[in-house]
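Have a look at it first, then read on.

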Amino acid sequence: MGYFIFLVGYTIVVGCLCNIEGKKLKDKKKAAVVLLLVPYFIVYALADGNSMTDTPSYIEFFEQARGVSFQGLKEVNAYFEYGWLLLTYLLSRISHSPQIIFFFIGSLIIYCYGKAVEKYSPIPGLSIIIFLCTIYPQSLYVLRQHSAIAIILLSLPAILNRDIVTYLVCMICAISLHLSAIVFLPMYWLYSVKLNKKFFVAVLIVIPIFSFLALGFLNKIIDQFAFFSHYGSYLEEGEVGNYTAFLIHLIELLLCLCLLHPVSEVETATKLFFLMLIVALLLDVVGTRAPITGRLNMYYSVSDIFILPIACSRIRNPNLRIVCICAICLCFVIKSIISESWTGNSLGSFRLII
């Protein structure tokens, strides 16, 4: 919990010093984002893998990988995807210390989020606070999936530029690290839809249908395809509170509909993140019947980090804008505390190696 308090305080102070609205940062925005994320990277790089859940298995596999050829890695652990096998193999040849895993994954995640925040967020401080209260804690120990989510962020320019080759390369890399990344594949084509009345009517029709069919459909997929077998436990583990996530995303949607009005005219990145928010809301509804969607939804709910700052930047009254930013920060901090993301079993004993 101490790390969380420090990072919240640091981000707020540095965000304010760098101009929380981001309007005076145009030439210095990159430096501001780097400054904001420095302590986040340090925590990644110096994290003690034995103080968290999940990570001891990564360390154990790393130790095993040092003594086998690449061909033998799959026999050592049939659970991991091929991308993670290759990454572990290469890292084990660069260093004998498993700490290189946390250094490399920390570098990847911080680079991808930092690059995206610099490019798409008009209020970097707010984006980093949302990142801290949503993605960051779990990404410290759920290494494969959050590495895949980070790579997904690299695919966003390809969606906007309609570069399908680059997009598919990013998707293949992400899926090779965690199979669940395949859920983001339709986003390239979804971006082409028009945000008109027909679209919103279609969403209202699709949501109840998906909710009704979700559980049986997902069970069918997992039963039929062997490569989903090791994700079957997600059906029983409701790791993400989908009702809470649904309420949060619904409030976000209403806020965006007000501040981005008329949404039919939003373009480029704003349109992309708004569509991701819509899909996240849809998956939240499905998730009330199938908990696995709570894990799948991380690829779309990452839009929170960008769409909320974009929406807040549309508020013309500076005092009201600051109040809105502070209110959003407070809500996400409270959510993080209530969800025990830093005090639960996974990070309750978290420490650094120093």
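## Cysteines

Cys-170 has a relative accessibility of 11%, so it counts as buried (under 20% relative accessible area; exposed is over 50%, and partly exposed lies in between, with a 1.4 Å probe and protein chains only). Its closest cysteine sulfur belongs to Cys-173, and at 6.6 Å that is too far for a bond. Cys-16, by contrast, is partly exposed at 46%. The sulfur of Cys-16 sits 7.4 Å from the one in Cys-326, its closest cysteine sulfur, again too far for a bond.

Residues are numbered from 1 along each chain as its sequence is written, and side-chain values use heavy atoms, leaving out hydrogens and water.

The chain averages a pLDDT of 85, and 86% of the residues score at least 70; pLDDT is the predictor's confidence in each residue, from 0 to 100. Residues 225-229 fall below 50, and that stretch has four contacts beyond near neighbours in sequence (a contact means heavy atoms within 4.5 Å). Residues 237-241 are also below 50, with seven such contacts. Where pLDDT is low, the predicted coordinates should not be read in detail.

## The chain overall

The protein chain has 19 helices and zero strands; these are DSSP runs, numbered from the N terminus, with helices being H or I of at least four residues and strands E of at least two. Of its 354 residues, 53% count as buried. Among contacts with a separation of 6 or more, 78% join residues 24 or more positions apart.

## Helix H1

H1 covers residues 2-17, and its end C-alpha atoms are 23 Å apart, which agrees with the 22 Å that its 16 residues should span at 1.5 Å a residue (1.5 Å times one less than the number of residues).

Phe-4, Leu-7, Val-8, Thr-11, Val-14 and Gly-15 are buried in H1. They cover an arc of only 150° around the axis, so they lie on the same side of H1 (the arc is taken from the directions from the helix axis to the C-beta atoms). These buried residues pack against helices H2, H7, H8 and H19. On the other side of H1, Gly-2, Ile-5 and Leu-17 are exposed.

Notes. This is a predicted model: local features need pLDDT of at least 70, side-chain atom pairs count only at pLDDT 80 or more; totals for chains, interfaces and linings use all residues. A disulfide is a pair of cysteine sulfur atoms within 2.5 Å.
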